[in-house]
Amino acid sequence: MSPLKSSNQEEEYFARQEALKLRRLMVKAREEMADEEKKRLKELHWMSCPKCGMKLSTIQINKVEVDKCFSCGGMFLDDGELEKISGRERNFFDSMRSVFEDEK
Ligand SMILES: [Zn+2]
């Protein structure tokens, strides 16, 4: 095994630990939050860009729904959509490039 690969694996390990920790904290925070508050947050933020706050638009690329902010250029994938892309990344990213290429 090359040192580079081993260092990548170490980084992946720590990223996975961090993700697990954050997931557990978020599940706990959601459990402790009242249903009314969850509903209020959802209504307030639904389809808004998490970076600039403008409305997101849904564009279908290669059977994957991508929520895109045409204000700041950010993109959002729902749960499970990354798995749909996985295995055909090349097609997906080529399609994505051609869909959004004339933006800049
Ligand atoms: Zn934005």
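Biologist: Okay, how many helices and strands does the protein have?
Modeller: Four helices and three strands. Keep in mind that this is a predicted model.

Biologist: And in which pattern do they follow along the sequence?
Modeller: Reading along, you get α-α-β-β-β-α-α.

Biologist: What's the radius of gyration, next to that of a compact globule?
Modeller: The protein comes out at 18 Å, whereas a compact globule of 104 residues would be near 13 Å. Along the principal axes, the C-alpha atoms fill a box of roughly 50 × 40 × 25 Å.

Biologist: What share of the residues is buried?
Modeller: Buried residues are 13% of the 104.

Biologist: What about contacts across the sequence, how many join residues at least 24 apart?
Modeller: Take the contacts between residues at least 6 apart in sequence: 26% of them join residues at least 24 apart.

Biologist: Switching to the metal. Which residues are the protein donors of the zinc ion?
Modeller: Cys49, Cys52, Cys69 and Cys72, each through its SG atom, lying 2.3 Å from the zinc ion.

Biologist: How are those donor residues spaced in sequence?
Modeller: The spacing is C-x2-C-x16-C-x2-C. Cysteine 49 sits in the loop between helix 2 and strand 1, and cysteine 69 sits in the loop between strand 2 and strand 3 (75-77), so this pair ties together parts that are 20 residues apart in sequence.

Biologist: What geometry does the site have?
Modeller: Tetrahedral, with angles of 99 to 121° among the four donor atoms.

Biologist: Is cysteine 69 buried or exposed?
Modeller: Cysteine 69 is buried, because its relative accessibility is 0%. Cysteine 49 is buried as well, with a relative accessible area of 7%.

Biologist: Now the strands. How many bridges join strand 1 to strand 2?
Modeller: Five, and the two strands run antiparallel. One of the pairings is isoleucine 61 with valine 64 in strand 2.

Biologist: What do strand 1 and strand 2 form, and what's in the turn?
Modeller: They form a hairpin with two residues between them, and asparagine 62 in the turn has a positive phi of about 50°. Lysine 63 has a positive phi too, near 65°, and is not a glycine. Lysine 63 is in the loop between strand 1 and strand 2 (64-68).

Biologist: Why does lysine 63 count as exposed?
Modeller: Because its relative accessibility is 67%, and the cut-off for exposed is over 50%.

Biologist: Where does methionine 47 lie, and what's its phi?
Modeller: Methionine 47 is in the loop between helix 2 (35-45) and strand 1 (57-61). Its phi is positive, about 60°, although methionine 47 is not a glycine. With 22% relative accessibility, methionine 47 counts as partly exposed.

Biologist: Last topic: where's isoleucine 85?
Modeller: In helix 3, which covers residues 81-85. Isoleucine 85 is buried, with a relative accessible area of 2%.

Biologist: What is isoleucine 85 in contact with, leaving aside neighbours within four places in sequence?
Modeller: Val64, Leu77, Phe92 and Phe93.

Key
Residues numbered from 1 in each chain as written. Predicted model: local features only at pLDDT ≥ 70, side-chain atom pairs only at ≥ 80, totals over all residues. Heavy atoms only, no water. Buried < 20%, exposed > 50% of the residue type's maximum accessible area, 1.4 Å probe, protein only. Donors = N, O, S within 2.8 Å, 3.2 Å for Na, K, Ca; no water. Tetrahedral: all angles 85-135°; square planar, octahedral: opposite > 155°, others 65-115°. Pairing = 2+ DSSP bridges. Rg over C-alpha atoms; globule rule 2.2 N^0.38 Å. Contact = heavy atoms within 4.5 Å.
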